[in-house]
Amino acid sequence: MNKLIVAIDGFAATGKSTQAKRLAKALNYTYVDTGAMYRAVTLFALEQPPEGNLDFDLLNRSLDQIQIHFEEGAEEQQTFLNGLNVSQAIRDPKINQHVSKVAAQKEVRSFLSKTQKLLGANKGVVMDGRDIGTAVFPQAECKFFLTATPEVRAMRRYQEQVQAGVDESYEAVLASVKARDEQDTTRAYAPLKKAEDALEIEVSNLTIEEVFDLLYAQVSKQLN
Ligand code: CDP
């Protein structure tokens, strides 16, 4: 059967991972959360002595000590860093604060995109991130670019965090989302931008179902 690479890129908290997971399930494809990989590298960097201090030279020299893998959990896919389940730790506001600086490092990007290319080598993947349709898989058959206003995105992320027991105000979440957007769109290597051939979807006024239907219809066209 014809298997595709589906790339879902876009701004922070646009629901990329929710859509990517559903799509992967519906198509029986593998889901790859590339943001979780950048988050895990950030956690690794913050844990290097002196703890909490980002030393990019040290990080770039230590990349070969980082192993990231995913396992299916009872409900959600789990992210492992060097054998430890870090799924919860990588969603901490402290990681949000630093991840875009780590993701701007050329060495970090080339290290992770190598792994991402391997994960998609046999196709049949739905990968979400910032540069999947532009840099990792420019040849992907299906590319989507999700956008929404910063306020809508911050409210979604704030509600998710409340559910997960994270204590951060809406205003702080909004500031963090905007700061990441700025860093992700202006970095030198593989910045966040829409691939020319990506379908852009503004999700601010759409439900999860409505967005999913648009994605699924587009993928179905490619499959037929
Ligand atoms: O879930 P959310 O949209 O907040 O972010 P994420 O997908 O978990 O990604 C976290 C951060 O990792 C982003 O803000 C980017 O700085 C970086 N990232 C990237 O540079 N390239 C990717 N392919 C995925 C994530």
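Trainee: In which sense do strand β4 (residues 77-81) and β5 pair?
Mentor: This is a predicted model, where local features need pLDDT of at least 70, side-chain atom pairs count only at 80 or more, and totals for chains, interfaces and linings use all residues. Residues are numbered from 1 along each chain as its sequence is written, and side-chain values use heavy atoms, without hydrogens and water. Strands are DSSP runs of E, at least two residues, and helices of H or I, at least four, numbered from the N terminus. With 2 bridges between them (DSSP must find at least two for a pair), β4 and β5 are antiparallel.

Trainee: Which residue in β5 is the bridge partner of Phe80?
Mentor: Look along β5, which spans 84-85. The bridge from Phe80 reaches Asn85.

Trainee: Which are the edge strands of the sheet?
Mentor: The open sheet has 3 strands in the order β3-β4-β5. An edge strand here pairs on one side only, and that describes β3 (68-72) and β5.

Trainee: Which helix packs on the sheet?
Mentor: The helix touches β3 and β4 (contact means heavy atoms within 4.5 Å). Its direction makes about 125° with that of β3 (axes are fitted to C-alpha atoms, for helices over the stretch in contact; angles between N-to-C directions run from 0 to 180 degrees). This is residues 34-47, helix α2.

Trainee: How is α7 oriented relative to α8?
Mentor: Helix α7 (residues 150-163) and helix α8 (residues 170-186) pack at about 120°, with axes 9 Å apart. Under 35 degrees is roughly parallel, over 145 roughly antiparallel, 65 to 115 roughly perpendicular and the rest oblique. The angle therefore makes α7 oblique.

Trainee: Which α8 residues make the contact with α7?
Mentor: On the α7 side, the contact includes Pro150, Tyr158 and Gln161. Facing them from α8 are Tyr170, Val173, Leu174, Val177, Lys178, Arg180 and Asp181.
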